[in-house]
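Visitor: Hello! Could you help me learn how to read a protein model?
Guide: Gladly. Let's look at it together.

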Amino acid sequence: MLNAAVVSPQPMTRIAMQRESLEHPEHGVRIDTVAGSVPEFLAQDATEAAVVLLSLNTQDGRTLVQNITDLTAHEHTVVVLAPPDELVRVRSAFSCGAAGAVGKCEPIKSVFRTMRLAKQLGHFVSDKLQDALTELPSRAPAKLSAREREVLALYVDGLQEQEVAVRLQIAESTVEEHLKRIRRKYALVERPARTKLELYKRAIEDGFIPPVLPFA
């Protein structure tokens with residue numbers, strides 16, 4: 001029996017998944033822990049959870065990168081639950097450590113199957129979601145450093161270069177150089193980010209900042 005947890009801001013998602021696992025042990029998944037956010041889940045000290053089903057956006061202002069990084073740092077296997085209009089961010093989830101992905105509208109049986117296989121194989125995407133992902137345009141990730149991600153997140157959140165410098169306690173010229181390198185890296189993977197708006201879009205796509213509207 002696979003020990004698992006669900007992290008989602010939607011109470012009905014948490015209730016339905018946990019109830020199904022308890023009433024139908026034939027799925028091979030037991031959900032003992034549910035939470036509305038990653039910090040809430042980690043605060044429960046749920047060391048038994050082998051796989052965490054994670055909604056792409058937990059609506060608490062945390063980024064996808066933060067959520068997955070925190071979970072994998074505690075040796076949890078992460079499977080993301082993706083709504084149909086958020087497929088682009090599934091690729092970002094894999095780039096920062098997720099082991100699996102399944103569509104939010106798929107049957108619970110498919111969700112549990114994906115969780116089991118992601119744990120067993122180390123990487124698994126549900127068949128339906130895989131078909132949808134193959135139809136998306138190719139999008140290679142820009143390999144930004146931790147500092148570059150930090151500068152990008154602050155800059156596209158509305159701060160000017162001087163304000164970013166003050167916040168990070170670095171020189172304004174250093175911020176300018178980071179932004180130049182960020183733009184070059186996106187250009188290298190054919191994802192132009194010439195304007196601040198384009199940088200904002202790339203930051204959302206790659207999970208460095210949460211989307212404006214909650215989708216999961």
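**Reading the helices and the core**

Guide: This is a predicted model. Let's begin where a helix stops: after α3 comes E75, which has a positive phi, near 65°.

Visitor: Which residues of helix α3 are buried?

Guide: Helix α3 spans residues 64–73, and its buried residues are L64, V65, N67, I68 and L71. Viewed down the axis of α3, they fall within an arc of 165°, so they line one face of the helix.

Visitor: Which residues touch the most other members of the largest nonpolar core?

Guide: That core has 46 residues, and the ones touching the most other members are I68, V80, L152, V164, Y186 and L199. Helix α7 (residues 146–156) gives the most to this core, with six residues. Another core, of 19 residues, lies apart from it; I31, A99, V111 and A118 are among its members.

Visitor: What does L152 touch?

Guide: Leaving out residues up to four places away in sequence, L152 touches L144, I182, Y186, L199, A203 and F208.

Visitor: Is E148 buried or exposed?

Guide: For this, look at relative accessible area: under 20% counts as buried. E148 has 2%, so E148 is buried. This residue lies in helix α7.

Visitor: With which side chain does the side chain of E148 make a polar contact?

Guide: With that of R181, at 3.1 Å. Setting aside residues up to four places away in sequence, E148 touches K143, H178, R181, I182 and K185.

Notes:
Residues are numbered from 1 along each chain as its sequence is written. This is a predicted model: local features need pLDDT of at least 70, side-chain atom pairs count only at pLDDT 80 or more; totals for chains, interfaces and linings use all residues. Side-chain values use heavy atoms; hydrogens and water are left out. A nonpolar core is a set of buried Ala, Val, Leu, Ile, Met, Phe, Trp, Tyr and Cys residues joined through side-chain atoms within 4.5 Å. Buried means under 20% relative accessible area, exposed over 50%, partly exposed in between (1.4 Å probe, protein chains only). Helices (H or I, at least four residues) and strands (E, at least two) are DSSP runs, numbered from the N terminus. Contact means heavy atoms within 4.5 Å. The arc is that of the directions from the helix axis to the C-beta atoms. A polar contact is a pair of N or O atoms within 3.5 Å; within protein, one must be able to donate a hydrogen and the other to accept it, and residues adjacent in sequence count only if both atoms are side-chain atoms.
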